[in-house]
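Work through these exercises with the coordinates open. Each task is followed by a stepwise solution.

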Amino acid sequence: MTPLARGRLEVALRVLLGLLLLWASVSKLANPTAALASIYAYDLPLPHALLKVVAVVLPWVELICGLMLVANHKPLAALTCGSALLLVFLLATGQAWARGLRIACGCFDLALLGFGKHAEAAQAFLESVGVAFVRNLLLAAGFLWLLRAGLKQTSVAASPISQASSTSTSAVSNPSPRRKRRS
Amino acid sequence: MKIDIKAGGFWRALLGAGAIPQALAVVALSCVLGLAYNAASPVGIRWSESDKAEPAKPAAPLATLAPVVSPPVAATNAVAEPTNQSLAAVVPVPSQPPPAALAAPPQYVPPTGTTWAEVEPLALKGAVVLVDARGRAAYDAGHIPGAVLLPEPPSAEELAAFRAQYPTNSHLVVYCSSTSCSLSFKLAHRLAREAGYTFVQYMTGGYLDWQREQALKQGASNQVAAAAAPAQAAEMPPQDTAPVTPPIAANPDGEKLDNALPIMWAQAKPMLATGQVLLVDARPKADYDAGHIPGALWLPADASGEVVRQILGDRPKTTRVVAYCGSMGCPQAFQLATRLVREFSFPNAQFMLEGYAEWRRAEANQPQAGGAK
């Protein structure tokens, strides 16, 4: 893969992940009690008070991370945060799937995108925990890949020997944290 | 792209880039914003009152700790006088009236949890609108009589039609499949918030709870029939020839039922004699010491995992463990059996419909009847 193509792929993936996080966040913020019900439905061995805190804070973590990814503001921090989020999601959906809980994952709300009427099947597919688990695996892989790529660029940029090659790639590929540090 | 980040180098690079403190700062900011937004939002999550009814705790769990020296109970006395408590439990009595919301302000009133035991008397009077939040297929396969289908999420047309038919001060009770479904909770909140209903409840036990209550009722009517029948041969357990299988087996949409199933004493008794059944007493220790079904082990409903494993030992997971408690309708047997199914992987664990009080009466005609061992 040429550096140019790779850079474009990274930008596209970063924006996509950011938008997904924003969608998930707004789905929860629009309906906090339903989000709480979804969390309860996972039947986790945690006190309800803690789950309420999660229901209150989680959408905002997603919102801020999503905004940071889309705006390319401190993408490394957002990617770290997003990877940790995905790890938690993987655990929750994984245990629900393994136990055969028939619950809605409470991830995304299709109705927000304007598909209210004919999207029951799509929504059910989107919301089943098995699909959610596999989707989370893919998303986690995406986050970790971007994080690794971002870290590689910072480490390359930091070493004076490879300065020239690094600037030549990051001049064309967008997500260089070094350039963003000005803001 | 010659330089690759090694496994250890990944963490070093992550720390070196300062991403972790920044990520923690994001979480901290989210906490502040989330708490502030939630406090300001009219539909925010409430901290004080429980949004979802907790399952009822077993009665008097602390009593198990008290070393009670119980006097030996004479078998004849024990058989002769059934307690008031057991009589009261046979008749389904609503434990408490649902909260009145007639004087409620016209703004959003959050739904509350309820159970079929509370709803049933109102349903018989036609005072509530039962709303089935499951899909069309599950509804067609079986629903609570009189229930209206309104699948969650409803379309705008369905919601409008529902609202046109039922005024917003109707008492709505929403249900879905069982305790592990969340559709009723979601639909109840939707009806309260979006459609402006001021008295919405959701049935925490769902359709499964209703099925269980029906099974209990069927067991009770069998008992009445058995008591009315002339005394038969002493060896015969009442109604042994026709044990009614409870209608719990209905499982319309192939949903995995991870709740314990009920069993009647008449069904359990022959299996107990042949050792196919392990009987456990889910009541507090004092009650167990005062008298229990012969052969039953003491295993309280709120026992810790360690205690459960200790008592059940290394019995095969296929063992049919049957739990019972004080009298028909008592919660501990159902709770214990469900825990055994869910937490301890005894898929065949069941709860006995009758309790100890009914057992004593059922065995009153038997010559070998004995309360305490």
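Buried means under 20% relative accessible area, exposed means over 50%, and partly exposed lies in between (1.4 Å probe, protein chains only). The model is predicted: local features need pLDDT of at least 70, side-chain atom pairs count only at pLDDT 80 or more, and totals for chains, interfaces and linings use all residues. Residues are numbered from 1 along each chain as its sequence is written, chains are lettered from A and ligands numbered from 1 in the order in which they are written, and side-chain values use heavy atoms, with hydrogens and water left out.

**Exercise 1.** Classify A:Val54 as buried, partly exposed or exposed, and place it in its helix.

Step 1. Helices (H or I, at least four residues) are DSSP runs, numbered from the N terminus. A:Val54 belongs to helix H3 of chain A.

Step 2. A:Val54 has a relative accessible area of 33%, so it is partly exposed.

**Exercise 2.** Find the nonpolar surface patch that includes A:Val54.

Step 1. Apply the patch rule: residues with over 30% relative accessible area and no salt bridge, with nonpolar side chains (Val, Leu, Ile, Met, Phe, Trp, Tyr) joined within 5 Å and like charges within 9 Å. Areas come from the Shrake-Rupley method with a 1.4 Å probe; for residues, only the protein chains shown count as cover.

Step 2. List the members: A:Leu46, A:Leu50, A:Val53, A:Val54, B:Leu35 and B:Trp47. Their patch covers about 480 Å².

Step 3. Helix H3 (residues 48-71) of chain A gives the largest share, 3 residues.

**Exercise 3.** How many salt bridges does the whole structure hold, and what does the A:Arg6 pair look like?

Step 1. A salt bridge is a side-chain nitrogen of Lys or Arg within 4 Å of a carboxyl oxygen of Asp or Glu. The search over all chains returns 11.

Step 2. A:Arg6 pairs with A:Glu10 at 3.6 Å, N to O. Both sit in helix H1 (residues 3-29) of chain A, 4 residues apart, about one turn of the helix.

Step 3. A:Arg6 has 17% relative accessible area, so it is buried. A:Glu10 is buried too, at 6%.

Technical notes:
Helices (H or I, at least four residues) and strands (E, at least two) are DSSP runs, numbered from the N terminus.
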